[in-house]
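Colleague: Thanks for making time for this. Could we go through the model together, one question at a time?

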Amino acid sequence: MKPSWTLLLGLYPFAAGAMGVNLFFASLIGSWLGWPVLTPWHSALGGLAIGLPATYSFACHITRLMEQADES
């Protein structure tokens with residue numbers, strides 16, 4: 001079963017924000033290897049893009065949990 005659009009739209013802001021923060025901190029860890037540190041704006045834009053698959057994955061997980069709860 002596919003997740004509903006309302007669930008996806010409700011989760012997307014949180015997933016995009018979490019991915020932006022994770023991307024920023026990953027770039028800080030990457031600086032130990034000599035990689036450049038992303039600016040907060042670049043991290044936020046990357047979070048918007050990476051947040052899409054993360055939202056869909058988590059929404060599928062929530063949908064499976066809702067189906068299990070309905071069966072029991």
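This is a predicted model: local features need pLDDT of at least 70, side-chain atom pairs count only at pLDDT 80 or more; totals for chains, interfaces and linings use all residues.

Colleague: Let me begin with a threonine: is Thr63 buried or exposed?

Modeller: Thr63 sits in helix 2. The cut-off for buried is under 20% relative accessible area. Thr63 has a relative accessibility of 4%, so this residue counts as buried.

Colleague: Which residues is Thr63 in contact with, leaving aside its neighbours within four places in sequence?

Modeller: Thr63 belongs to helix 2, and its relative accessibility is 4%. Setting aside neighbours within four places in sequence, the residues in contact with Thr63 are Met1, Lys2, Pro3 and Leu7.

Colleague: Now the aromatic rings: what is the geometry of the pair formed by Phe24 and Phe25?

Modeller: The structure holds one aromatic pair. Phe24 and Phe25 form it, with 5.8 Å centre to centre and 65° between the planes. Planes over 60 degrees apart count as edge-to-face, so the pair of Phe24 and Phe25 is edge-to-face.

Colleague: And how does Phe25 count by its relative accessible area?

Modeller: Buried would need a value under 20%, and exposed one over 50%. Phe25 has 47%, so Phe25 is partly exposed.

Colleague: Which residues make the nonpolar surface patch of about 320 Å²?

Modeller: One of its members, Val37, is found in the loop between helix 1 (5-30) and helix 2. Val37 is partly exposed, at 42% relative accessible area, and Phe25 is partly exposed at 47%. The patch is made by Val21, Phe25, Leu28 and Val37.

Colleague: Stepping back to the whole protein, what is its radius of gyration, and why is the protein called more spread out than a compact globule?

Modeller: The protein has two helices and zero strands. For 72 residues the globule rule gives 11 Å, and the protein is well over that, so it is more spread out than a compact globule. Its C-alpha trace spans about 50 × 20 × 15 Å along the principal axes. The radius of gyration is 16 Å.

Colleague: Last one: what share of the residues count as buried?

Modeller: Thr55 and Thr63 are among the buried residues. The accessible surface comes to about 5400 Å², with 75% of it belonging to carbon and sulfur atoms. Of the 72 residues, the buried share is 22%.

Key. Residues are numbered from 1 along each chain as its sequence is written. Side-chain values use heavy atoms; hydrogens and water are left out. Buried means under 20% relative accessible area, exposed over 50%, partly exposed in between (1.4 Å probe, protein chains only). Patches are made of residues with over 30% relative accessible area and no salt bridge: like charges are joined within 9 Å, nonpolar side chains (Val, Leu, Ile, Met, Phe, Trp, Tyr) within 5 Å. Accessible areas come from the Shrake-Rupley method with a 1.4 Å probe; for residues, only the protein chains shown count as cover. A salt bridge is a side-chain nitrogen of Lys or Arg within 4 Å of a carboxyl oxygen of Asp or Glu. Helices (H or I, at least four residues) and strands (E, at least two) are DSSP runs, numbered from the N terminus. Rings of Phe, Tyr and Trp (its six-membered ring) pair if their centres lie within 6.5 Å; planes under 30 degrees apart count as stacked, over 60 as edge-to-face and the rest as tilted. Contact means heavy atoms within 4.5 Å. The radius of gyration is taken over C-alpha atoms; the globule rule is 2.2 Å times the number of residues to the power 0.38.
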